[in-house]
Every structure is written in structure tokens, then in C-alpha cells.
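The entries follow the order in which I consulted it.

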Amino acid sequence: MRLDVENIVWGADGRKILRGVSLEVGSGEVVGLIGPNGSGKTSLLRCVYKVLKPQAGLISLGEEDVLRSSVRRMARRTAVVPQETPGEFDFAVREIAAMGRSPHKGLFERETAEDREIVDDSLSRVGMLPFAERQFSTLSGGEKQKVLVARALAQKARLLVLDEPTNHLDVGHQLEVLGLVRGLGVSALAALHDLNLAALFCDRIYVLSGGEVFASGTPDEVLRPELIERVYGVASEVRIHPATGKPHVAFLPESLRPRPGPRPDGQEGERGARRSGGASP
Amino acid sequence: MDETGGKGEGGGKPVASGFSGVLLALLAGLFASVTLATIVGPVWISPLTVWKVALHEATGFLRPDWSAAEGQIVWQIRFPRVLLAAVVGAGLSVVGTALQAAVRNPLADPFVLGGSSGASVGAVLVIVGGVQFFGIYSLSVAAFVGASVAFVLVLALARSPGGHTSPLRLILAGVAASYALSAVTSFLVLRADDPEEVRSVLFWTLGSLGGARWEYLTLPSAALIGGTALLLAQSRSLNALLAGEETAVTLGVETDGFRRRLLILCGLLTGTMVAVSGTIGFVGLMVPHTVRLVVGADHRRVLPAAALSGAILLVWADVVARTAISPEEMPVGVVTSLAGAPFFLWLMRRKRGAFGGEGG
């Protein structure tokens with residue numbers, strides 16, 4: 001389902017965090033949101049899933065005005081894989097996944113066979129059905145994340161929002177979780193730290209910086225050394241990887257910085273191609 | 001009705017069927033506890049007589065083959081008291097369960113939001129201050145009003161300028177209000193002339209079911225049944241809230257409004273229980289935790305199990321309270337707290353990681 005975010009403004013305590021952000025996620029598209037810490041990624045996602053109320057702007061999902069419809073109504077359309085995980089109180093894995101059904105259930109409505117089927121199916125799609133009776137707290141980080149994805153699947157939503165879904169995960173689980181999301185065929189908006197993962201799994205990428213969209217486009221349009229330098233202040237080389245066909249970013253430590261200088265000036269596009277070995281004068 | 005979910009895996013406990021077993025066991029336990037607790041006392045009465053009297057009094061069946069005194073003891077003295085213990089124990093446990101979810105804090109109990117200290121102020125005003133607006137019900141009414149006022153105060157204080165009511169703010173406001181109200185209680189007690197009054201206040205604040213009569217049962221029972229039904233209807237939202245603030249929103253719970261309604265319901269229930277029993281500590285804290293260890297955290301199971309366990313626990317605590325140093329009576333709160341404190345420490349040690357800090 002198509003998500004349209006138009007000119008979202010949000011701030012707290014007199015500080016503007018989002019200064020008119022616009023983006024769109026097409027039907028079935030996986031869109032990445034990258035940017036340094038504090039650039040507003042999480043705040044933007046929170047506006048989309050209605051934890052924050054923007055001071056200005058418009059968010060629509062399909063024909064629906066997200067900001068005006070009820071939390072419950074939106075929960076049937078948007079599922080979130082959040083950063084937080086259940087803390088002090090321990091649920092069984094199946095119970096966590098079954099929570100995904102709650103926006104669809106009335107007050108006294110019992111769990112039906114269909115609900116149980118959906119929950120089991122969601123767990124098995126992420127490979128966690130064998131863990132269904134385990135306590136959530138006994139799982140590893142990657143397993144927990146997969147259970148939260150299963151909960152989102154059980155929600156049967158048309159839009160999936162993920163906030164750093166690969167945080168704390170090892171490489172194997174990172175690829176697995178994102179591959180899973182990719183394979184679902186639903187629209188997804190994911191805040192990601194890892195630029196290479198974003199390049200691998202996203203159809204398009206938005207770069208946030210200082211609460212504004214700095215750039216957007218396909219991974220190879222966006223992931224360029226000069227942009228990475230300006231947004232993150234880090235030198236890098238970007239190559240199209242022969243195996244994946246996607247841009248691959250290699251970050252360069254200060255000592256390997258191609259030309260010691262505070263800002264790239266007027267040599268757009270060149271830097272990425274330059275070989276780091278010959279950098280020192 | 002509940003088959004264990006389709007492709008159930010070997011290892012785990014069969015949740016659904018296991019739970020009906022737990023419920024049945026608890027129901028049987030409650031029945032046995034009520035019977036035994038009615039038998040025990042200065043005059044022992046046979047279990048058969050207990051239920052024959054009950055049946056006779058309730059329905060008019062059976063020709064009495066017991067003495068009038070026995071009938072009197074069972075029906076007028078022990079039964080109301082034992083049943084009140086069951087109702088109050090169940091009520092406090094249900095409220096404790098709901099409040100732990102509402103403020104998402106394992107340390108929450110029915111009195112975390114100032115209810116007990118508010119009720120105490122009300123009670124002291126009656127006992128020491130001699131405020132008597134409602135005859136013999138003055139104490140109960142004053143306690144209920146005190147608890148409710150404290151609750152409303154805490155809710156208002158905890159509201160941030162933006163209209164949010166965060167769990168942490170609630171707890172902090174509750175602690176602050178408790179201190180202030182306890183100070184008022186202490187001040188009033190210190191001003192009392194009659195040592196007997198001081199004793200009554202102390203006894204009341206530690207909780208007692210000694211004043212039980214049939215009339216005291218109606219309202220708390222209705223509150224217990226209605227409140228538990230309402231909470232059960234909301235158990236999915238309670239689960240979502242326990243899983244996290246943002247998670248709850250993304251699962252369709254409008255957290256601010258839901259939490260406020262939840263707190264008001266809990267406040268009313270607490271006030272009702274406190275009005276007939278004083279402030280009985282620890283039941284509402286330890287029962288929910290213990291129950292979760294057995295049936296898991298899902299409120300559809302925790303709420304009924306907590307209600308039944310709390311009932312059983314308080315029935316027995318009250319038996320100890322009235323028999324341990326008989327003919328004297330102990331405040332039942334002393335019994336629950338003496339049993340509760342070690343339990344609590346054990347719980348803390350068991351969950352070392354969780355209470356330390358981040359916990360996620």
C-alpha cells in the first residue's frame with residue numbers, strides 16, 4: 001500500500017527535529033531511511049506509526065489520512081518492528097506473535113482457529129515456530145528480532161515500518177531479517193544504519209540530515225562518496241560490487257583520507273574512483 | 001474448547017489445556033480453603049455442618065440438625081469474614097495485576113498510587129477526629145473517599161503539560177502523595193488523646209477483616225466481579241501495554257486514554273476493598289508475580305488465576321491472623337507482610353538482571 005509523507009514538521013521543547021520532510025513509499029516498494037544519529041529517522045517513523053503527532057504536514061496511507069484516523073484503525077494497516085523489546089514481564093514467543101492479532105479483535109472476542117493459524121504461519125515464515133513455547137527473554141537478539149517480525153506479519157498489515165531492525169544482530173541474522181522483509185512483497189519503510197545493507201535490500205533510499213531530506217533515489221544514485229562525506233563527515237570509496245550489482249561502500253579511516261582537507265570542493269564524482277593507496281602526497 | 005495450537009512442538013508446556021487444569025485446581029483450592037477456614041476457630045465445626053448451614057441459610061432447604069450457636073457462628077460470624085477475605089484478596093490481586101501493566105512496573109501494587117495513605121487519612125479523621133457522617137459506615141465511606149481523592153490527586157499531578165501520563169510520572173507522583181498523606185495521618189494520630197484510638201488507627205492501617213458482616217460483602221463483590229470482567233475484556237490491550245509503550249500504540253491501543261480509564265477503574269476497586277478491610281499490604285504485589293511464574297504473562301490467564309490465588313491467600317492469612325495469638329487478633333496485614341517480605345526478596349534475587357536497570 002502506498003505511503004505518502006508530505007512536509008512533516010515535528011519538534012519538542014522548542015527544538016525542531018523534522019523540518020518539512022516528504023517521502024513516498026510505492027506499493028510493494030522497500031524504502032530505506034539513512035542518516036546520522038539525530039537526523040530525525042526515528043522521529044519520522046514515529047510520526048508514521050502515530051506515536052508522535054506532527055505539528056504540520058500530511059501522512060496518507062492509500063486513501064487514508066493517517067493523522068486523523070484512530071490508532072486502532074491504523075494498527076490494522078501498519079505493522080511496526082520496533083527497537084524496544086518487552087522488558088520486565090516475560091511472554092512466551094507465541095504470545096508475543098499473537099499480539100499481532102489484537103488490532104483485529106473485539107473486546108470479548110476469543111482467539112479463533114484462524115488466528116492461531118495466522119500466528120503459527122507467521123512464526124514459521126521467520127523460522128521461529130520451533131521456539132513457539134519458549135520464553136521471549138531466553139532468545140538471542142536475532143531470534144527476538146525475528147519474533148517481532150512474526151508479530152508484524154501476524155498483524156496482516158499492508159505497510160511495514162522497521163526501526164533499525166538489524167541493530168545488535170550478527171551478519172547472518174541481518175541478512176536473514178532483511179531478506180525476509182524483502183520477500184514479503186509488502187511496502188516497507190526501514191530506518192537503517194548500515195549503508196551496505198540499505199544498498200542491498202532497498203529499492204530506494206532517503207537520506208535524512210538535520211531533519212530534512214538531503215537526497216533520495218536508487219542506491220547507486222544516492223550512495224556516493226561526496227554525499228557520505230557531507231552527511232556523515234566520513235571519507236569512503238564506493239564501487240558497484242560485481243556479485244551483487246549494488247553499490248558497496250568502504251569507509252576510509254582518517255589516515256587513509258584521499259586528500260587531507262576539510263571539505264570536498266568541486267571534484268564531485270572523482271573521489272570515489274580514486275585509489276586510496278596513492279592518496280598521501 | 002481450546003485445542004493446543006495446530007502444529008504444537010514437543011518441548012514446551014501445553015498452554016491452553018494446562019491452564020484449565022490450573023483454574024480447576026484453584027477453584028477446588030478456594031472451595032476447600034473457605035470450608036477449612038470456617039471450621040477453624042475457638043469452636044470447631046464439622047465441614048459438613050458448614051455447608052449444611054450455608055445451604056439452609058441461603059435456600060431454606062434442610063432441617064437444622066445443628067445447634068443454634070453453631071448456626072450463628074457459621075453464618076453470622078465466620079462465613080462473612082471468610083468470604084470477605086476471599087473477595088478482598090481477589091480484588092487486591094486483580095488490581096495489582098492491572099496496575100503493574102498500567103505503569104509497566106513490577107513493583108506496582110494497589111497502593112502505589114497513594115490509595116492506602118489517602119484511605120488512612122480518611123480513617124483517622126473518623127477514628128481520631130470523630131467525623132461521623134454515615135453512622136456505622138463512616139469509617140468505610142471515609143476510607144473510600146480518602147483513597148479516591150488521593151488517586152485523583154495523583155492522576156492530576158502525574159499529567160505532564162502536554163497531557164501525557166507516563167508510567168514513571170505516575171509512580172513518582174504516587175510516592176510524593178503517599179509521603180504527604182502519611183504525614184497528615186501521623187500528625188492526626190500524634191494529636192490523639194486516647195491511646196485506644198491510636199491502637200485502632202494502627203490496627204486499621206495494618207488491615208483487618210474483623211468487622212466483616214454480610215452487608216459489607218455486597219459492594220466489594222459486585223466491584224470485584226464487574227471490575228474483573230472489564231479488565232478481562234481489555235486483556236489484549238493490557239498485554240500490549242506490558243510489551244511496551246510504543247508497541248501498544250502500534251498494536252492499536254490508544255495508550256493515554258486506556259491508561260487513564262484503567263487507573264480510574266483500579267482506583268475505584270482499591271477504594272472499595274480498602275473501605276471494608278483497611279490497607280492490607282503485599283497481596284496485590286506478590287500474587288500477580290507468583291501467578292505469572294506459573295501461567296505466563298498473558299492477562300487472559302493471569303487475571304482469573306490471580307483473583308483465585310489472592311482469594312485463597314487472604315483466606316489463610318486471615319485464619320492465621322485470628323488464631324495465631326488467640327484470643328487476641330493480629331492485623332491481617334501483619335501476616336501478609338511477614339510472609340510477603342521474604343517472598344519479595346526471593347523474587348528480587350531471582351530476577352537479578354531485570355530489576356537492575358535497563359532490563360531490555
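Predicted model: local features only at pLDDT ≥ 70, side-chain atom pairs only at ≥ 80, totals over all residues.

**Entry 1: Leu99 of chain B**

I began with Leu99(B), which I found in helix α3 of chain B. Is Leu99(B) buried or exposed? I noted 29 other C-beta atoms within 10 Å of Leu99(B), and because the cut-off for a buried residue is 20 or more, Leu99(B) is buried.

I then listed its contacts, leaving aside neighbours within four places in sequence. Leu99(B) touches Ala108(B), Asp109(B), Pro110(B), Val112(B) and Cys266(B). I also looked up one pair: Leu99(B) and His164(B) stand 65 residues apart in sequence, and their C-alpha atoms are 17 Å apart in space.

**Entry 2: α3 of chain B and its partner α2**

I stayed with helix α3, which covers residues 68–102 of chain B, and examined its packing with helix α2, residues 47–59 of chain B. Two packed helices are described by the angle between their axes and the distance between the axes. For this pair I recorded axes that come within 10 Å and cross at roughly 80°. That angle makes α2(B) roughly perpendicular to α3(B).

Which residues meet here? On the side of α2(B) I wrote down Thr49(B), Val50(B), Val53(B), Ala54(B) and Glu57(B). On the side of α3(B) they face Glu70(B), Gly71(B), Val74(B), Trp75(B) and Phe79(B). Sorted by class, the contact of α2(B) with α3(B) holds 6 nonpolar, 2 polar and 2 charged residues.

**Entry 3: α4 and α11 of chain B**

I next turned to helix α4, residues 115–127, and helix α11, residues 255–277, both of chain B. Their axes lie 10 Å apart, and the helices pack at an angle of about 45°. The crossing of the two is right-handed.

From α4(B), the contact takes Gly115(B), Ser116(B) and Ala119(B). From α11(B), the contact takes Gly267(B), Thr270(B), Gly271(B) and Val274(B). How many of these residues are polar? I counted 5 polar and 2 nonpolar residues in the contact of α4(B) with α11(B), with no charged residue.

**Entry 4: backbone geometry**

Most residues other than glycine have a negative phi, and most peptide bonds are trans. I looked for departures from this.

In chain B, Phe282(B) has a positive phi of about 75° although it is not a glycine. I placed Phe282(B) in the loop between α11 and α12 (283–295) of chain B. Phe282(B) counts as buried, with 24 C-beta neighbours inside 10 Å.

In chain A, Lys50(A) is a residue other than glycine with a positive phi, near 70°. I found Lys50(A) in the loop between α1 (41–48) and β4 (56–61) of chain A. With 23 C-beta neighbours inside 10 Å, Lys50(A) also counts as buried.

Where is the cis peptide bond that I noted? The bond runs from Ser326(B) to Pro327(B), with omega near 10°. Pro327(B) belongs to the loop between α13 (299–323) and α14 (332–350) of chain B.

**Entry 5: Thr42 of chain A**

I found Thr42(A) in helix α1 of chain A. Thr42(A) has 19 other C-beta atoms within 10 Å and is thus partly exposed. Apart from neighbours within four places in sequence, Thr42(A) is in contact with Asp163(A) and Ala191(A). Thr42(A) and Gln174(A) are 132 residues apart in sequence, with 19 Å between their C-alpha atoms.

**Entry 6: chain A as a whole**

Of its 281 residues, 44% are buried. Among contacts in chain A with a separation of 6 or more, 64% join residues 24 or more positions apart.

Chain A is divided into domain 1 (3–223) and domain 2 (224–281). Their contact takes 14 residues from domain 1 of chain A and 11 residues from domain 2 of chain A. On the domain 1 side, the elements that give two or more residues are α7 (195–201), β9 (204–209), β10 (212–217) and α8 (219–222) of chain A. Of these, α7(A) gives the most, with 4 residues. I recorded the residues of that side of domain 1 of chain A as 10 nonpolar, 3 polar and 1 charged.

Key: Residues numbered from 1 in each chain as written. Chains lettered and ligands numbered in written order. Domains from an automatic or database assignment. Contact = placed C-beta atoms within 7 Å. Nonpolar A, V, L, I, M, F, W, Y, C, P; charged D, E, K, R; others polar. Axes fitted to C-alpha atoms, helices over the stretch in contact; angles between N-to-C directions. Left-handed = near helix turned anticlockwise from the far one by under 90°. Buried ≥ 20, exposed ≤ 12 C-beta atoms within 10 Å, placed from the backbone. Parallel < 35°, antiparallel > 145°, perpendicular 65-115°, else oblique.
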